[in-house]
Amino acid sequence: MTQDRFLGLAAIALAAVMVIFGYGLQAPFAYEPVGPRAFPLMAAAAIAVCGIILVLKPGEANTEEGSGISRPILILSGCLLAYALLFQPLGFVLSTTVLMVPIAMVFGASWWQGLITGAALAISSYLLFDKLLDVILPVGPFGGFI
Amino acid sequence: METLSYLAHGFGIALAPTNLLLAAIGAIVGTMVGVLPGLGPINAVAMLVPVVFALGLTPESSLILMAAIYIGSEYGGRISAILLNVPGEASAVMTAIEGYPLARQGKAGIALSLSAWTSFVGSAIATLGIVIAAPLLARWALAFGPIEYVALMVFAFACLTGLLTDQPVKALLAIMLGLGISTIGIDANSGVYRYTFDSPNLVDGVQFATVVIGLFAISELLIMLESMKGGAAPRIEQLGRPLFNRAEMKFTNAATMRGSLIGFFVGILPGAGGTVASALAYTTEKRVVERTDPEGSRFGQGDMRGLASVEAANNSASNSNFIPMLTLGIPSSGTTAIMLGVLTLYNITPGPALFRSQPDLVWGLIASLFIGNVILLAINIPLVGLFARMLSVPAWVLVPFIVVVSTIGVYSGKSTTFDLVLMVALGVGAYFLRRFGVPMAPLILGLVLGKILEQSLRRALSLSAGDVAILWSSPIAIVLWVMAALVLLVPLLMPRFRRWREEAITEPD
């Protein structure tokens, strides 16, 4: 299956979801002829049409890029997700110091280079954003800086 | 003359200490962003969206900062293209073709200073063009009602799909995904909750900053990882003579002018930014030189005329991009789309009324484009060596920096884990879409224009009690519908245009 066919099928599936959850959208009192569901359903229809075109007339397969998902991509996505999830519970300084290590290592750093980058970024951005710019960052499990 | 007094007023705003400082910071940061491969103007501006709110900037100051970063990165993109043959951002692809051979011949300093100069000329011409054309266009567009607006947006979408990519279906898909995202949240007209899935986090829609940072900054990291080449630090060519001489300037003057004009007109079209402009300028210049001076043509081996026209064109286009954005509320590139999105966050409705209702904003921005370009010229010629050193910043420092700033930015909006997870999910999703060849700029245009399009459509149809024929009931609307049809049909009917497009276009910026 070419990439385009896959993309087309995904688009059709998304359109289906949009229709299923969009069809029942109706205002209790209609003040206007169009209503809240017409526009989302139009977008869904257009997405479905694009999907059908892609399935029926896919472009040539892109051969220069590998079709699989490489391991580094998985690791980086996993680290980003972990960072997003741990940002609040662990607090800014701790989560940043810890999770920037594997992220830096995916991009070729050694573990201590990653640790220095993470710690330096954590402390400098904490001072810059939380102290100077009044962007409140999450506090750590011990209630303070950490 | 009215224009001149407005412009003077604008300079008063742009020269206020804060705004002057922001323009200078923006110019420096923008150049650095342009130098770094993998960090283009759109990622930088996306990351800035929450920051301008955290700083508590006024709308005009935010726009001045973002615009300076945008035009600065067009200057910066040329540095790595010339020195390393690595375009720092998409519209510098053509710069490398002539610039890198010049660097290999020991003329890197000449190539850099000459391209800084032609960048400046291109920008200056485009900015003058804005001053002349924008007020006229805005006055004409004041007659626009909801009917004309619907037609105008359809025209903009047609431009995006017809001009931009070799796969119009994917651009259309991207636009529609953007429209779909714009419908999430409470419907302003009826109060109905749309696609919120009973989550309180989605009631007022998806945060704009979350979407743009996810789509651009986060997905870019994954793309960077995929395209990363291992090995030693890149070798940078010697700079050689640092400044071009008068003969070289005279040699390239005509090319610079042609490039500037091409860039200006291409930049006005929705969807066609610096990338298309530089490609078109390059092919035009090559053809002109081959006709008039076949013996002297050194295209492909370091012809200064090619370099001059490309740099003039992409900078001219990035400035004239502001015309449709300011006068019609239709952004013509992904980066200006983000700026428009920011305006709506300030509760400013973009559109033709902007010139009347927000003269400070509009003219302050235009004046700051002049000032920003002067600053850019002033820092780009003497400091080019310093910026070139940015190229040795390792990816393992740059990437954590982008992750942390992006995350803080998204978190600063609503302080929820939900938004952070959504940012990552959108980033990973966007990475796959980009690998499948779906461009991201149309998606963001769809998102920014979605609400306005829906409101215009519903208002128009309320006027006619549901009769769709009202959409082509005014002469302006008919003209726009015909233009939209032409933009879509011409590429199908003209194989020559199609071939040009296939040659010219790589990836939209």
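## Chain A at a glance

In what order do the elements of chain A run from the N terminus on? They run α-α-α-α-α, and the tally for chain A is five helices and zero strands. Please keep in mind as you look around that this is a predicted model.

Chain A has 146 residues, of which 36% count as buried. Looking at contacts in chain A between residues at least 6 apart in sequence, 58% join residues at least 24 apart.

## Where chain A touches chain B

Let us turn to the contact between the two chains. On the chain A side, 51 residues take part, and they are in contact with 51 residues of chain B. The elements of chain A that give two or more residues to this side are α1 (3-22), α2 (38-56), α3 (71-90), α4 (92-106) and α5 (111-132).

Which of these gives the most to the side of chain A that touches chain B? That is α3(A), with 11 residues. Sorted by class, the side of chain A that touches chain B has 37 nonpolar and 12 polar residues, along with two charged ones.

## A helix pair in chain B

Two packed helices are described by the angle between their axes and the distance between the axes.

From α5(B), the contact is made by B:T95, B:G99, B:L102 and B:A103, while α6(B) brings B:A108, B:I110, B:A111 and B:S115. By class, the contact of α5(B) with α6(B) has five nonpolar and three polar residues, and no charged residues.

## Helix α14 of chain B

Helix α14 of chain B covers residues 334-345. At 1.5 Å a residue, its 12 residues should span 16 Å, and the end C-alpha atoms are 17 Å apart, which agrees.

How many of the 12 residues of α14(B) are buried? The count is 10, so α14(B) is largely enclosed by the rest of the structure. The buried residues of α14(B) are B:G334, B:T335, B:T336, B:A337, B:I338, B:M339, B:L340, B:G341, B:V342 and B:L343. Following α14(B) comes B:N347, whose phi is positive, near 60°.

Definitions and conventions: Residues are numbered from 1 along each chain as its sequence is written. Chains are lettered from A and ligands numbered from 1 in the order in which they are written. This is a predicted model: local features need pLDDT of at least 70, side-chain atom pairs count only at pLDDT 80 or more; totals for chains, interfaces and linings use all residues. Two residues are in contact if their C-beta atoms, placed from the backbone, lie within 7 Å. Helices (H or I, at least four residues) and strands (E, at least two) are DSSP runs, numbered from the N terminus. Ala, Val, Leu, Ile, Met, Phe, Trp, Tyr, Cys and Pro count as nonpolar, Asp, Glu, Lys and Arg as charged, and the others, Gly among them, as polar. A residue is buried if 20 or more other C-beta atoms lie within 10 Å of its own, exposed if 12 or fewer, and partly exposed in between; C-beta atoms are placed from the backbone. The expected span of a helix is 1.5 Å times one less than its number of residues.
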